[in-house]
Amino acid sequence: MKQAPDRLTSLLDECKSLAFDLNFSYAKQWKAKSKYRLLVGYLPIYVPREIIHAANGMAVGILGVGDRKQIIKGDAYYQSYICHLPRGIIEMALDSNLDNFDGFLFPSICDCVRNLSGMFKLAKRGKFTRYFDYPQNFQKNIGGTFYRELLETIINDMFKLNDMKITTKHLNDSIALYNHNRELIETIYNIRQEYPWRLSAVDVYHVIRAGMVINVEKHNEMLEEIVDLISEDFGEPMDNIRVVISGSFCEQPPIGMIKSIEMAGCYIVDDDFMLGSRWIQGNIKDSSSDPLNELVDSFLTQSAPSSAIYDVADPKGARLVKQVKMRNADGVIFCAASFCDPALLDRPSLQKSCDDAGIAHINFQFHENTGQFKVIKEQAGTFSDSIKLWV
Ligand code: SF4
């Protein structure tokens, strides 16, 4: 059997260490090179990073602490019956992890994150803090107008800090860079659909997560190299089923859990672990005289299915079924963070869509610092065996 190229192994190691650097050293070093550079932290799931890039900034994804930091102060800020992610992030803010950040964006994903934005304000973290309120009306003249005003407010927040005016060219160039980034990520998923043994789901996770804490130019270079390397033939297929993972879009799953699912005999051929980087489906026009308008339109018409989106015109259940068929998957694993209202409230209707389409599914919950995976491995292994035997 041909082994994975050494260069791929070293790139994956680099991605892993970037992805879990809770001090964001790369981003802070990048900022230190010019007083006009900005660091803007954002929480899951999605913000249009293009506007930050065009304003000479770096958008830095803050995805929680996983099992890499002990939470002491964070527990004092939140009640026990919510998910884990906000506690870790407030702990980071109260320690020095987020020092040197200029601003923070808190997408309107749930009440926990809404409250976290208020805590950052009270604790005086960053020079600006914005609650990033996604429009839930998808008419251009209503939700679109609201969204454009929000983007203009954030652009103005950044302008006040570095005096850098975003030109049409700047924004078009930034859109082109992120289009390329999304294309490369989708190429990786498409290669894995055919040859999932060439890159594990854990590796893919590290590769995409690394892109949330480095500049897009560097990430694109790494992705281009990875695409080239995994286009070569190596490794050997296993007798695994193919699954889509749904529901883990915000608090991040422990790496051990992803590994356990794979070791139990499941190739994860699609997932929503890092949905923010894959949020816009397809390209955004990058040669417009009004690129901000293109970003607004892309949110209204090209957003990925998510519990953060009111989807009456384009139901998530039907989109999940389509995704399963497109990836030629054998089943769905619903796996959401404990106490995650948006994901858990959506789950019954998604399960019904799978039932109606004859798609097998199982479900479980996690929190970011779960340490025991035996039960999850047994459950995923039984799912895999039952599909192999009876479907
Ligand atoms: S995991 Fe769910 S409950 Fe927790 S912050 Fe994200 S959306 Fe909110």
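## Close-up views of a predicted model

**View 1. Asparagine 56 counts as partly exposed, with 17 C-beta neighbours inside 10 Å.** Throughout these legends, a residue is buried if 20 or more other C-beta atoms lie within 10 Å of its own, exposed if 12 or fewer, and partly exposed in between, with C-beta atoms placed from the backbone. What you see here is a predicted model, in which local features need pLDDT of at least 70 and side-chain atom pairs count only at pLDDT 80 or more, while totals for chains, interfaces and linings use all residues. To find your way, count residues from 1 along each chain as its sequence is written. Asparagine 56 sits in the loop between H3 and S2; helices (H or I, at least four residues) and strands (E, at least two) are DSSP runs, numbered from the N terminus. Although asparagine 56 is not a glycine, its phi is positive, at about 65°.

**View 2. Lysine 124 is another residue with a positive phi, about 55°, although it is not a glycine.** Look for lysine 124 in the loop between H6 and S4. Lysine 124 has 8 C-beta neighbours inside 10 Å, so it counts as exposed.

**View 3. A cis peptide bond links proline 44 to isoleucine 45.** Omega for this bond is about 15°. Isoleucine 45 belongs to the loop between S1 and helix H3 (49-54).

**View 4. Here is an open sheet of four parallel strands, ordered S2-S1-S3-S4.** At its edges stand strand S2 (57-61) and strand S4 (128-132), each with a single partner strand, so one side of each has no neighbour in the sheet. On average, neighbouring strands of this sheet are turned by 20° against each other, direction ignored. Two strands count as paired if DSSP finds at least two bridges between them. Strand S1 (residues 38-42) and strand S3 (residues 103-107) pair in the parallel sense over three bridges, and tyrosine 42 stands opposite leucine 105 in S3. Helix H2 (residues 25-32) packs on the sheet, where it touches S1 and S2, and its direction makes about 170° with that of S2. Helix H7 (residues 140-162) lies across S1, S2, S3 and S4 and runs at about 170° to S4. For such angles, axes are lines fitted to C-alpha atoms, for helices over the stretch in contact, and the values run from 0 to 180 degrees between N-to-C directions. Contact between two residues requires their C-beta atoms, placed from the backbone, to lie within 7 Å.

**View 5. Another open sheet has four parallel strands in the order S6-S5-S7-S8.** Strand S6 (266-270) and strand S8 (360-366) are the edge strands, each pairing on one side only. From one strand to the next, the twist averages 35°. Strand S7 (residues 331-337) runs parallel to S8, joined by seven bridges, and parallel to S5, joined by four. Phenylalanine 334 has bridge partners in both directions: asparagine 363 in S8 and serine 246. Further pairing places alanine 337 opposite phenylalanine 366 in S8.

**View 6. Helix H13 (residues 316-326) has Gly317, Leu320, Val321 and Val324 buried.** These four cover an arc of only 100° around the axis, which puts them on the same side of H13; the arc is that of the directions from the helix axis to the C-beta atoms. Among the elements covering them are S5, S7 and H14. The face of H13 turned away from this buried side carries exposed Lys322 and Met326. After H13 comes asparagine 328, with a positive phi near 55°.

**View 7. The ligand is surrounded by 14 residues.** The closest are Cys83, Cys110, Cys250, Glu251 and Cys340. Helix H5 (85-94), helix H6 (111-122) and H14 each supply at least two residues of this shell, and H14 gives the largest share, three residues. By class, the shell has 12 nonpolar, no polar and two charged residues. Here Ala, Val, Leu, Ile, Met, Phe, Trp, Tyr, Cys and Pro count as nonpolar, Asp, Glu, Lys and Arg as charged, and the others, Gly among them, as polar.

Methods. A residue is near a molecule or strand if its C-beta atom, placed from the backbone, lies within 6 Å of it.
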